[in-house]
Every structure is written in C-alpha cells, then in structure tokens.
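Q: I have a model open and would like to learn how to read it. Could we go through it feature by feature?

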Amino acid sequence: MLFMETILEEVSSAKPLRSKASGSPDASSSYCPPIPANCQFFTTTLRYANPSAFANLQGCPLHPEIRGLVLFYDLGDAILVQASVEGLSCSSAVCQNHFFAFHLHSGSSCAGTEREPFSLAGGHYNPEDCPHPSHAGDFPPLLCSHGIAWSAFLTDRFQIQDIINRTVILHEDSDDFTSQPAGNAGARIACGVIYQVEEP
Ligand SMILES: [Zn+2]
C-alpha cells in the first residue's frame with residue numbers, strides 16, 4: 001500500500017528530540033514518556049517492530065473510497081496503536097469539523113444493513129461496564145487533512161488477546177466525549193475486523 005509506505009517513511013525519518021546541552025538524545029528529558037523512557041522508542045517501534053494485530057478498514061457503501069490500516073504493537077505495559085486512513089471527505093474551509101470519531105467495538109463482524117452499516121460490530125468494547133468515553137475501546141478521534149488521517153497513540157485499556165476478532169469503527173461525526181453511550185458520533189462509515197499477525 002503506497003500510502004502506508006509513504007507514511008512509514010516519513011515517521012522513520014523524523015528527527016529525534018535532542019538535549020540542547022549535549023546534542024544527544026536525553027532520556028531524562030521532560031519531553032520523554034515514562035514508559036519506556038526513550039524518546040525514540042515509539043518511532044523505532046513503528047519502523048522496525050512487527051505489529052501483533054491489524055485491521056484493514058473499508059468504507060461503507062456510501063463511502064466506498066475510504067480505506068485504512070490500523071496496527072497494534074504490543075509494548076507489554078501498553079499497546080501502541082497506529083491508524084492511517086485515506087479517502088475521507090473533509091472540507092478545507094475554515095471553521096469546518098475535520099474530526100472523525102474512532103472506536104474499538106465489541107462485535108466480530110463488519111456486516112450490517114443498508115440502513116445501518118456495520119451494525120453487527122456492536123457497541124464500544126466495554127468489559128468493565130464503564131460510561132463513555134471510559135470504555136476500553138474508546139480512542140482519540142482522527143483528524144482529517146486533505147482526505148487523509150494518521151494517528152499514533154498509547155492505550156493500556158486492553159491486551160492484544162482481548163481484541164482479536166473484534167472490530168474498529170470510524171464514524172462520520174466527531175466524538176463529544178460526553179453523550180451516552182457512544183459520544184453522539186453519528187453513522188458508521190468504515191469498519192475493519194482485527195486479526196492477529198501470524199508469527200513468521
Ligand atoms: Zn465509548
């Protein structure tokens with residue numbers, strides 16, 4: 001997938017954060033996350049590590065041009081999630097909403113009806129019976145630029161084995177992080193089933 005290769009190339013060529021005093025990466029800098037205490041760890045993971053699970057996103061019948069890839073890297077204490085999506089409809093006009101709500105759903109299928117695409121994906125993954133947006137499957141929304149969205153984030157709300165054969169859903173609206181049960185995120189416009197990456 002050319003788009004994905006381009007994104008990964010840009011990620012891997014990004015300059016690491018450097019200490020002004022020494023000119024070398026400074027693991028004790030306040031810029032560094034506590035786990036793992038290495039500023040370059042995440043970009044190195046995205047460049048070289050094998051993801052433990054993945055989902056190919058496919059748009060609904062109204063948005064067949066949407067394609068995406070979500071990768072899950074198991075870091076032990078947390079999961080590093082990388083999402084890239086193309087074919088999104090987002091206006092470049094000022095004051096327009098470019099955010100798309102993004103969640104991990106409990107169901108194992110992207111099947112649905114014409115009226116309710118991907119309805120068999122079920123609700124947000126929520127094994128602890130929490131309110132939204134404290135569901136284990138609640139993710140940061142994706143920000144669209146020129147039809148493309150890319151994001152990487154950490155979550156420690158589940159283990160890899162918890163999410164295999166569940167689903168990732170992209171919604172047409174932003175997540176208000178308040179409304180129950182799903183943040184008033186609107187219709188489901190893309191879906192992908194999460195599969196385990198086979199060991200080489
Ligand atoms: Zn939720």
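Q: This is a predicted model. Does asparagine 165 count as buried or exposed, and why?

A: Asparagine 165 has 12 C-beta neighbours inside 10 Å, so it counts as exposed. Asparagine 165 lies in the loop between α3 (160-163) and β8. Its phi is positive, about 70 degrees, although asparagine 165 is not a glycine.

Q: Which other non-glycine residue has a positive phi?

A: Phenylalanine 177 has one, at about 55 degrees. This residue sits in the loop between β8 and β9. Phenylalanine 177 counts as partly exposed because it has 14 C-beta neighbours inside 10 Å.

Q: Where is proline 181, and what kind of peptide bond joins it to glutamine 180?

A: Proline 181 is also in the loop between β8 and β9. The bond from glutamine 180 to proline 181 is cis, with omega about 5 degrees. Histidine 132 and proline 133 are likewise joined by a cis peptide bond, with omega about 5 degrees; proline 133 belongs to the loop between β5 and β6 (142-143).

Q: In what order do the strands of the open sheet lie?

A: Read a sheet by who sits beside whom. Here seven strands are arranged as β5-β8-β9-β1-β2-β3-β7, with antiparallel pairing. β5 (102-105) and β7 (149-155) are at the edges with a single partner strand each, so one side of each has no neighbour in the sheet. From one strand to the next, the twist averages 20 degrees.

Q: How many bridges join β1 to β2, and what packs on the sheet?

A: Six bridges link β1 (residues 53-59) with the antiparallel β2 (residues 67-74). Phenylalanine 54 faces leucine 71 in β2. Helix α2 (residues 41-48) packs on the sheet and touches β2, β3 (79-86) and β7; the directions of α2 and β3 make about 60 degrees.

Q: Which residues have the most contacts inside the largest nonpolar core?

A: In soluble globular proteins, nonpolar side chains tend to be buried together. The largest nonpolar core in this model holds 37 residues, and those with the most contacts inside it are Leu57, Val85, Phe100, Leu142 and Leu170. At least two core residues come from each of β1, β2, β3, β5, β8 (167-171) and β9 (188-196). β3 supplies the largest share, five residues.

Q: What does leucine 170 contact, leaving aside its neighbours within four places in sequence?

A: Its contacts are Leu57, Val85, Phe100, Phe102, Leu142, Ile189 and Ala190.

Technical notes: Residues are numbered from 1 along each chain as its sequence is written. This is a predicted model: local features need pLDDT of at least 70, side-chain atom pairs count only at pLDDT 80 or more; totals for chains, interfaces and linings use all residues. Two strands pair if DSSP finds at least two bridges between them. Helices (H or I, at least four residues) and strands (E, at least two) are DSSP runs, numbered from the N terminus. Axes are lines fitted to C-alpha atoms, for helices over the stretch in contact, and angles run from 0 to 180 degrees between N-to-C directions. Two residues are in contact if their C-beta atoms, placed from the backbone, lie within 7 Å. A nonpolar core is a set of buried Ala, Val, Leu, Ile, Met, Phe, Trp, Tyr and Cys residues joined through C-beta atoms within 7 Å. A residue is buried if 20 or more other C-beta atoms lie within 10 Å of its own, exposed if 12 or fewer, and partly exposed in between; C-beta atoms are placed from the backbone.
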